[in-house]
Amino acid sequence: MRTQHATWAYQPNQGNVSLAIQTIPTPLPNQVLVQNQAIGINPVDWKFIQANPINWQEGHIAGVDGAGIVVAVGENVDKAWIGQSVAYHAALAQHGSFAEHTPVYVNRVMKLPETMTSSLAAALPCPMLTAWQAVEKIPVKSDYKVLISGLGAVTKLLTQMLVQRGFVVDVLSKSCSDELAKKLNINKVYRQLEGVDGKYFAAYDAVSPESAASLVPLLSSNGHLVCIQGRVEQPVDAPFTTNISYHEIALGALHNFGDEQDWAQLMSDGETLLAQVASGSILVESPQQFHFDAMLDALEHSQHSKQKSVVTV
């Protein structure tokens, strides 16, 4: 049986990752060992590799998203998990998905629909679960208007989830085509903030805290502002006026602050969303695929093309 595997390990002196051979980890109690078949590339990956904000040491394995087959289980885990196809979102502070094998806590994996490929599944956890956390922040108000600023992987999914809940979704985006707007059932596309007309029950921003703050005047009384990139530190509206609720989204924080119930609910919801993707009721773009040896190309593609990259193992 193999004892070593290929990884893409962090190199502090290079500010990048490089191909390395390391010992295959043994799953800890309550963990499963996933033999990765595909690795999803997200902006958080190349941002953390370049900036190293949490002080990764040399040899740390980057990557938050992956999909593959469970090949071993730790203590307290049912052996029935062995052979199960799963997708997962790993913690940034722990060894991640940029490897042939990744240990993951069993309560933090999602079982895949039989018809879903690992390459598609690996592209989904971070954007899909982030979008789901965002949509869950506001109460359902059928036919109420919602504005989304910035249209990327997360907000394309978010748009569809909001439409499914009965919201009327407008988008502020310079890149959204008429064809995409029709496909996602977007009500109206604005090209610049100054042209946005009307009041909204909620606004979602995927650009920056400053961009999010600029949307507050567009919200109706008792409305909601949901910040997907960063957070608005201080309320924009004066006290006892429009009474806006401010929300932040931080999927990765759940690894440090979520409890068993939080993870059980998120993984259950995630499996439901994966089934919707598999059935075609939630549309996703096919990711650009790269071979494991071309990890650096995949990271560069993610950063500069703004399109989803997946590395096959």
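Guide: Arg 165 and Glu 136 form a salt bridge, with 2.5 Å between the closest N and O atoms; the term stands for a side-chain nitrogen of Lys or Arg within 4 Å of a carboxyl oxygen of Asp or Glu. The two residues are 29 apart and link distant parts of the chain: Arg 165 is in the loop between α4 (153-164) and β9 (168-172), and Glu 136 in the loop between α3 (125-135) and β8 (145-149).

The model is predicted, and local features need pLDDT of at least 70, side-chain atom pairs count only at pLDDT 80 or more, and totals for chains, interfaces and linings use all residues. Residues are numbered from 1 along each chain as its sequence is written, and side-chain values use heavy atoms, leaving out hydrogens and water.

Arg 165 is partly exposed at a relative accessible area of 22%, and Glu 136 is partly exposed as well, at 41%. On this scale buried is under 20% relative accessible area, exposed is over 50% and partly exposed lies in between, using a 1.4 Å probe and protein chains only.

The whole structure contains six salt bridges. One of them joins Asp 170 to Lys 145, with the closest N and O atoms 3.9 Å apart. Asp 170 belongs to strand β9 and Lys 145 to strand β8, so this pair ties together parts that are 25 residues apart in sequence. Asp 170 is buried at 1% relative accessibility, whereas Lys 145 is partly exposed at 29%.

The rule asks for NZ of Lys or CZ of Arg within 6 Å of the ring centre and within 35 degrees of the ring normal. Another such case is Lys 111, which lies over the face of Trp 81 at 5.0 Å from the ring centre.

Aromatic pairs come next. Rings of Phe, Tyr and Trp (its six-membered ring) pair when their centres lie within 6.5 Å; the pair is stacked with planes under 30 degrees apart, edge-to-face over 60, and tilted otherwise. By this rule there are five aromatic pairs. Phe 167 and Phe 201 are stacked, at 6.4 Å centre to centre and 10 degrees between the planes. Phe 167 is in the loop between α4 and β9, and Phe 201 is in strand β11 (residues 200-205), so the pair ties together parts that are 34 residues apart in sequence. Both phenylalanines, Phe 167 and Phe 201, are buried.

Phe 48 and Trp 56 are buried too. Their pair is tilted, with 6.1 Å between centres and 45 degrees between planes. Ring pairs join Tyr 10, Phe 48 and Trp 56 into a cluster.

Tyr 10 also touches His 60, whose other contacts beyond four places in sequence are Trp 8, Ala 9, Leu 92, Ala 93, Gln 94 and His 95; contact means heavy atoms within 4.5 Å. His 60 sits in the loop between α1 (43-51) and β4 and is buried at 8% relative accessibility. A polar atom of its side chain lies 3.3 Å from the backbone oxygen of Leu 92, and the side chain of His 60 reaches the backbone oxygen of Gln 94 at 3.5 Å.

β4 leads on to the strands. Strand β4 (residues 65-73) pairs with β5 in the antiparallel sense over five bridges, where pairing requires at least two DSSP bridges between the strands. Gly 68 has Val 86 in β5 as its bridge partner. β5 also pairs with strand β7 (residues 109-111), again antiparallel, over three bridges, and there Ala 87 has Met 110 of β7 as its bridge partner. Strand β5 (residues 85-89) has four of its five residues buried, so it is largely enclosed by the rest of the structure.

Back among the charges, Arg 231 and Glu 233 meet in a salt bridge at 3.7 Å, N to O. Arg 231 is partly exposed at 40%, and Glu 233 is exposed at 55%. Salt bridges with shared partners join Arg 231, Glu 233 and Glu 248 into one network.

Key
Polar contact = N/O pair within 3.5 Å; in protein donor to acceptor, adjacent residues only side chain to side chain.
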